[in-house]
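Visitor: I have a structure open on my screen. Could you walk me through a few parts of it?

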Amino acid sequence: MRPAYLFLAVISVSIIFNSCKQSASKDKDGYKGWAAYAGSKDGSRYSASEDITLQNVANLKEAWVYSSNDKDSSGRTQNQCNPIMVDGMLYGSTPRLKLFSLNAVTGKQNWLFDPASVDTVGRNEPMAYYKVNRGVVYWQDANGGNKRIFYNVGNKVYCIDATLGKPINNFGNGGFIDMTENVGRVIHSIVASTTPGVIYKDVLIMGVRVSESEDAAPAPIRAYDVLTGKLRWSFNTIPHPGEKGYETWENKDAWKSLGGANNWAGMSLDEARGIVYIPTGSIGGDFYGGNRKGQNLYANSLIALDAATGKYIWHFQFVHHDLWDRDLPANPNLVTIKHNGKNVDAVAQITKHGYIFMFDRVTGEPIFPINEKGVPTNGLPGEKPWPTQPIPTLPEPFARQKFTPEDVTDLTPETHKDMMEKYLKVKNRVMFSPPSKEGGWIFPGFDGGGEWGGAAVDQQTKIMYINSSELPWIQLMIDVPKNNTNDHSLAGAGHAIYNQRCITCHGVDLKGNGSTIPALINLQKKLTELQAKNIIDNGRNMMPSFKAIPEGEKKALLTFLLKIPEKEATGSAVRSSTQPIATIVKSALPPAPYTMAGYTRFVDKDGYPGIKPPWGTLNAVDLTSGKLLWKVPLGEYDKLTKKGIPITGTENYGGPLVTKGGLVFIAATKDEKIRAFDKKTGKVVWEAKLPAAGYATPATYEIDGKQYIVIACGGGKIGSKSGDSYVAFSL
């Protein structure tokens, strides 16, 4: 029986799409190039190259190193770019989001484009560009004379001449698309792009990152003409009246005020059929849904659209009424498997909670049964959790699904005692328990399970390789602090704004969370008012830009944070004694009464996860049978290994690639290494130390019969030092 949440378009997709020509994302040898993000437009992260094999991988050596020299010395910059290689040229980005072209054999730079050279914001505030860009998109015309690179810098998607390294000024708004445009309404929060889009024929299809709070911008999927930059089509991920899915919303005006349901993780393309597969995140207001009651389509969904027109084909929702930040974290993998005696073109989607869901690419029918499982519904007052959540019967999960008292760390008796006391304070231990003031476990954690590094699929064996972090996080809800209603000063209003916009990350006490979110205590001793405003406007490191919020709000917030002396305020910048806080944050919604106390990893006093190992794993899953074939630790802590503790694995960011030569390559670990695994057994067969942690997915390509493995070494996450180099390896 077809699930109620699966909609099928009433069209004959087989007739419409069978006439389309074969994919151009793979070269004539089939998967030997790396011309697109994730290797090919189908998201495989697979290479048919066999120059490097199990027999010779031990001879793999450093071929070249390219350094951009623009890391942040304080250790907060990152580089998550998966570079591409076209016609002997390697294209990628630096921590400061400069775009480069290198000779893919020697690593010698051909050209470098600095967005600050054409952007006054970049010149005024260099840290504005210390953000994330995970890759670029390449396009050329039929004659090969018009070669373009599309890449993301904050809210802009630049179109760069691939030969000259200069913006193509007759594209879009003088060389770029502004992703804050064509969203349907005035916005007051971040709109930016991190993961590259995908090109179908002459259409560039893009997703965006948006805020995760109640003021999140709408995030339609948009497609642009690759020559002119003009909008070709748009698909609303929060349906408007008359659109499919609109009838499922309890609040019929949700599309006017809510945002999110965005594609930040990338997408995959069946180029032969002209179908693009787009995973989405949750609706804005991550942890309280009293303002968005209902199933929340098309949030947390995989959407199949006609790539040429944006017309809806089918969708599947993985989490109904998400209250746990269970965004779909990576672009899906396209694969053809044998199922019930027939070849089936399938799409496989990984999730943060450690599952793999598989569907027929054309119809959206599940390959393996998916059950709607009853879950707890005892939500906070005003909340209305969805009573069921979909759980696949197969494939088997690649991450542990429970965190019980028996799983609490026992590295030492003292550590076990301390962490058990903390464990018992968190009362809700069942997956999908609604957020509460008693606390609940998010396991796998907010960062997965599966994450943006994605999965690799061997197109010969139909085996998926996926890394996973296995670290519990604590979800604890608190009342949004009430500001003193008698405080009408700018600082008082700024405190209220802080409670609405900043408290989830920086905390009630402004202490942040250590390595990833800085404290704001005594900020006036570190920043001037102008410097702080520049950070609010432009973002910094992983903090997004809040440029769209009204200037009066910024002034009030800065007055509070920097303790600026002010007379009692009048005018529109602050609220009067009768104005609700909702009027400060420009939103059509009432403010959420609850917020999460912070993003809290469950770690011991030494920073090790508070769960028994493994803490990071690499997994092999047979997509034909759905069976987990093997699981091995990924990464190690040298101090623990020297004490005789078996290899534990580490928290990891960035994905794998798999090759026909019998190998899985992956960096991703906190120990700053890249490794090769035997893809049949999971045994480590080679490893090398990197200049900084490779929190990115490696790329591989072959030139003149010689295969190269390239990884961006950006570090900067979870306390790792920052780096600014790419390292290539070859025989």
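Visitor: What average pLDDT does the protein chain have?
Guide: Bear in mind that this is a predicted model. In the protein chain, 89% of the residues score at least 70. Over residues 1–25 the pLDDT is below 50, and over residues 568–587 it is below 50 too. The chain's average pLDDT is 90.

Visitor: How many charged residues are in the contact of helix 7 with helix 8?
Guide: Helix 7 brings E529, A532, K533, I536 and D537. Helix 8 brings E551, K554, K555, L557, L558 and L562. By class, five of the contact residues are nonpolar and none is polar. The number of charged residues is six.

Visitor: Which residue of strand 17 is the bridge partner of R222?
Guide: Strand 16 spans residues 221–225, and strand 17 spans residues 231–235. They pair in the antiparallel sense over four bridges. In strand 17, the partner of R222 is S234.

Visitor: Which residue takes a positive phi in the hairpin of strand 16 and strand 17?
Guide: This hairpin has five residues between its strands. The phi in question is near 80°. The residue is G229.

Terms used. Residues are numbered from 1 along each chain as its sequence is written. This is a predicted model: local features need pLDDT of at least 70, side-chain atom pairs count only at pLDDT 80 or more; totals for chains, interfaces and linings use all residues. Side-chain values use heavy atoms; hydrogens and water are left out. pLDDT is the predictor's confidence in each residue, from 0 to 100. Contact means heavy atoms within 4.5 Å. Helices (H or I, at least four residues) and strands (E, at least two) are DSSP runs, numbered from the N terminus. Ala, Val, Leu, Ile, Met, Phe, Trp, Tyr, Cys and Pro count as nonpolar, Asp, Glu, Lys and Arg as charged, and the others, Gly among them, as polar. Two strands pair if DSSP finds at least two bridges between them.
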